[in-house]
Amino acid sequence: MMRFILLACLGVLFYLCNMQTVFACDGAADAVQSAPVVVASVEADMGAIETANTVDAKKEEVATPHASMSSEQGAVIDGGDQKIPVETTATEKYFDMDALIERIKDSNAIGMFTKLALRSDALDIVDLIKVYRRQANRMSLNEVRARFDGLLLKVLVLLDDDPVLSRDISMSREGIWKSLLEVKA
Amino acid sequence: MNTFGLAIRGMAVALAMVLIPSGAYAVTKAEDIATTIMLRGQPCGGNAVTNISEQKDAAGNTVIMATCPNGKRYRIDVSSGGRVSVTPL
């Protein structure tokens, strides 16, 4: 009988090891799948920064506001006479801002007041983007982006108890940024 | 109960511990308010506040007073539009 108990324990241990292996494989597969997407996102980000810098440079020369941001797939940033296409990445195709917001609302990892505070911060960033569009101050798009990155970092830290949502938000970073840029003035 | 039954039960418990995901940890109101205070850049000295008092006016604005573990008392204003501001008292 003792032999049977030992066999049962070994069976459980074997099952646990298998489960860990399956989880590890899933994680590795996710990482492999996401790697090109992340690279593409970084490239798109660099492109966006470059186009923003170009727009900033033109602003200083002409001193007339003309930086409007479009939102469709294959988005176009109007830089005055020339239109600069922005490449869309794989993450943006499957990015659903409304679903992400609903998931944050439903998450138990963040309390209600904290969610409201984060919402206030997000609204502040939207206001900053509107001010940037109106050329009301000298804040560059890179500075607004830095504020956005700071806020996103706070959200990711707060979502420590909800790692799946945290990962999805992290993956959708560029999509969220573009959604903020698309908010109508 | 014989040893076979105990072994089966033990296996069932072990499998249940592995397969059933643990419930997400829900933050308490004290922790939520402390996080909000720290999110606004104010020092709190801990992750939960005490002496919470909450008042709501007719316009829908909410005023919360709370004391942090470091002894500082804060006023948290939540406007009807959802804007949150923290003021040290």
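In the predicted model, helix 2 of chain B, residues 29-39, lies across strand 1, strand 2 (62-67), strand 3 and strand 4 of that chain. The helix runs at about 85 degrees to strand 1 of chain B, an angle that counts as roughly perpendicular because it falls within 65 to 115 degrees. Chain B has two helices and four strands, and from the N terminus on its elements follow the order α-α-β-β-β-β.

The four strands of chain B form an open sheet with the order 1-2-3-4 and antiparallel pairing. Strand 1 (50-56) and strand 4 (84-88) of chain B stand at the edges; each has a single partner strand, so one side of each is left without a neighbour in the sheet. On average, neighbouring strands of this sheet are turned by 15 degrees against each other, direction ignored. Strand 3 of chain B, residues 73-78, runs antiparallel to strand 4 of chain B and is joined to strand 4 by five bridges. Ile76(B) stands opposite Val86(B), a residue of strand 4 of chain B.

Over chain B as a whole, 21% of the 89 residues count as buried. Of the contacts in chain B between residues at least 6 apart in sequence, 26% join residues at least 24 apart.

Chain A also meets this sheet. Helix 4 of chain A lies across strand 3 and strand 4 of chain B, and runs at about 105 degrees to strand 4 of chain B.

Within chain A, helix 4 (residues 112-134) packs with helix 5 at an angle of about 170 degrees, the two axes being 10 Å apart. Helix 4 of chain A is therefore roughly antiparallel to helix 5 of chain A. By class, the contact between these two helices of chain A comprises twelve nonpolar, one polar and two charged residues. On the side of helix 4 of chain A, the residues involved include Leu118(A), Ala122(A), Ile125(A) and Ile129(A); helix 5 of chain A contributes, among them, Val144(A), Arg147(A), Phe148(A) and Leu151(A).

Asp162(A) is found in the loop between helix 5 (141-158) and helix 6 (163-171) of chain A. This residue counts as buried because 20 C-beta neighbours lie inside 10 Å. The C-alpha atoms of Asp162(A) and Asn108(A) are 8.1 Å apart in space, while the two residues are 54 residues apart in sequence.

Terms used
Residues are numbered from 1 along each chain as its sequence is written. Chains are lettered from A and ligands numbered from 1 in the order in which they are written. This is a predicted model: local features need pLDDT of at least 70, side-chain atom pairs count only at pLDDT 80 or more; totals for chains, interfaces and linings use all residues. A residue is buried if 20 or more other C-beta atoms lie within 10 Å of its own, exposed if 12 or fewer, and partly exposed in between; C-beta atoms are placed from the backbone. Two residues are in contact if their C-beta atoms, placed from the backbone, lie within 7 Å. Axes are lines fitted to C-alpha atoms, for helices over the stretch in contact, and angles run from 0 to 180 degrees between N-to-C directions. Angles under 35 degrees count as roughly parallel, over 145 as roughly antiparallel, 65 to 115 as roughly perpendicular and the rest as oblique. Ala, Val, Leu, Ile, Met, Phe, Trp, Tyr, Cys and Pro count as nonpolar, Asp, Glu, Lys and Arg as charged, and the others, Gly among them, as polar. Two strands pair if DSSP finds at least two bridges between them.
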